[in-house]
Amino acid sequence: MTEQRTQEKTIALVTGANKGIGYEIAAGLGALGWSVGVGARDDGRREAAVEKLRAAGVDAFGVPLDVTDDASVAAAARLVEQRAGRLDVLVNNAGVTGGMPQEPTQVSLEQVRAVVETNVLGVIRVTNAVLPLLRRSASPRIVNMSSGVGSLTRQSATTDELSTGPISVAYSPSKTFLNAVTVQYAKELRDTGILINLACPGFVATDLNGFRGVRTPEQGAAIAIRLATLPDDGPTGGYFEDAGVIPW
Ligand code: NAP
């Protein structure tokens with residue numbers, strides 16, 4: 001890609017983009033004509049995704065990225081800087097459940113720690129590493145992939161597993177934690193032009209849930225794409241699904 005072309009294009013980075021919802025977010029942003037960094041930790045899975053996206057006409061490039069690893073995240077930020085000089089949109093999509101069951105009385109602390117390390121600390125790690133690049137963008141956007149199960153209102157209001165997920169003391173609280181973290185970022189960044197919001201994709205059939213979800217990854221990607229393409233007067237610090245605002 002020439003420098004000229006890179007400057008004209010919106011540059012996005014999607015974490016965990018080798019499969020599932022992240023892949024479809026990359027495909028959707030690529031379909032807008034954007035240049036999309038496919039952040040993924042496994043070389044083979046990342047390159048396969050990049051090739052598939054390119055075959056579909058997307059200007060995709062691979063970004064080796066393990067969100068739990070400081071050196072990997074720093075190297076990813078350097079790669080984006082060398083390639084494009086800035087970043088317009090970051091989608092923090094990478095996430096893990098930590099495996100089920102996760103009853104509070106049975107769980108191991110290692111299980112909880114691993115989920116928080118990826119779903120919360122990973123988001124902070126990646127966001128802060130690329131923040132200098134986002135500050136160079138005319139319309140910077142950050143989308144954090146949360147879940148409806150992160151809503152304390154939903155966690156406490158119903159036992160319907162489709163909306164609250166199973167009892168989990170690692171995964172669901174990790175998304176509640178992420179929601180709170182995102183609100184704090186929104187407050188600090190309020191006057192910077194950086195809009196940061198939370199997306200809930202619904203219950204999507206992916207590896208994450210053994211493909212038990214009822215929505216397609218493409219449907220799950222739609223809300224993240226909407227938040228990635230917000231106008232400059234769009235919301236920040238919000239928590240959204242397709243149907244609108246989710247109660248905290
Ligand atoms: P998925 O198919 O399992 O994809 C998860 C992605 O995250 C994979 O690309 C995975 O990479 C990546 N990842 C995990 N740990 C990583 C790490 N340390 N560094 C870099 N990448 C890492 O699951 P999904 O359903 O698409 O989930 C995407 C996001 O949506 C997650 O944040 C999830 O919590 C959220 N979400 C999903 C649902 C649902 O119903 N599916 C509902 C609500 C929210 P590998 O291939 O290397 O493992």
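Trainee: Let's start with the ligand. Which residues come nearest to it?
Mentor: There are 29 residues around the ligand, and Asn 18, Asn 93, Tyr 171, Val 204 and Thr 206 come nearest. Keep in mind that this is a predicted model.

Trainee: How does that shell divide into nonpolar, polar and charged?
Mentor: Twelve of the shell residues are polar, eleven are nonpolar and six are charged.

Trainee: Which helices supply at least two residues of the shell?
Mentor: Helix H2 (20-31) does, and so does helix H8 (171-188).

Trainee: And what lies by the oxygen atoms of the ligand, say from Arg 41?
Mentor: Arg 41 has a polar side-chain atom 2.9 Å from a ligand oxygen atom. Lys 175 also brings in a polar side-chain atom, at 3.0 Å from an oxygen atom of the ligand. With Gly 202, a backbone N or O atom lies 3.4 Å from a ligand oxygen atom.

Trainee: How much of the ligand's accessible area does the protein cover?
Mentor: The ligand has 890 Å² of accessible area on its own, and the protein covers 95% of that.

Trainee: Switching to rings. How many aromatic pairs does the structure hold?
Mentor: One. The partners are Tyr 239 and Trp 248, with 5.1 Å from centre to centre and 20 degrees between the planes.

Trainee: Why does that pair count as stacked?
Mentor: Because the planes are 20 degrees apart, and planes under 30 degrees apart count as stacked.

Trainee: Are those two buried or exposed? Start with Tyr 239.
Mentor: Tyr 239 is buried, since its relative accessibility is 1%. Trp 248 is partly exposed, at 42% relative accessible area.

Trainee: What lies over the face of Tyr 23?
Mentor: That's Lys 52, at 4.7 Å from the ring centre.

Trainee: Now the backbone. Which peptide bond is cis?
Mentor: The bond from Met 100 to Pro 101 is cis, with omega near 5 degrees. Pro 101 is in the loop that runs between strand E4 (89-92) and helix H5 (109-134). As background, most peptide bonds are trans.

Trainee: What about the phi of Phe 211?
Mentor: Phe 211 isn't a glycine, but its phi is positive, about 60 degrees. Most residues other than glycine have a negative phi.

Trainee: Where is Phe 211, and is it buried or exposed?
Mentor: Look in the loop between strand E6 (195-199) and helix H9 (217-228). Phe 211 counts as exposed because its relative accessibility is 52%.

Trainee: Back to loops. What does the side chain of Ser 146 make a polar contact with?
Mentor: With the side chain of Asn 179, at 2.7 Å. Ser 146 sits in the loop between strand E5 (141-145) and helix H6 (152-157), and at 4% relative accessibility Ser 146 is buried.

Trainee: And Arg 86, what does its side chain reach?
Mentor: The side chain of Arg 86 reaches the backbone oxygen of Lys 9 at 2.6 Å. Arg 86 belongs to the loop between helix H4 (70-84) and E4.

Trainee: Why does Arg 86 count as buried?
Mentor: Because its relative accessibility is 15%, and buried means under 20%.

Trainee: Last one. How far apart are Pro 140 and Leu 87 in sequence and in space?
Mentor: They are 53 residues apart in sequence and 7.5 Å apart in space, C-alpha to C-alpha. Pro 140 is in the loop between H5 and E5, and it counts as buried at 3% relative accessibility.

Note on methods:
Residues numbered from 1 in each chain as written. Predicted model: local features only at pLDDT ≥ 70, side-chain atom pairs only at ≥ 80, totals over all residues. Heavy atoms only, no water. Phe/Tyr/Trp six-rings, centres within 6.5 Å; stacked < 30°, edge-to-face > 60°. Buried < 20%, exposed > 50% of the residue type's maximum accessible area, 1.4 Å probe, protein only. Lys NZ or Arg CZ within 6 Å of the ring centre and 35° of its normal. Near = heavy atom within 4 Å. Polar contact = N/O pair within 3.5 Å; in protein donor to acceptor, adjacent residues only side chain to side chain. Areas by Shrake-Rupley, 256 points an atom, 1.4 Å probe, with all protein chains shown as cover. Helix = DSSP H or I, 4+ residues; strand = E, 2+ residues; numbered from the N terminus. Nonpolar A, V, L, I, M, F, W, Y, C, P; charged D, E, K, R; others polar.
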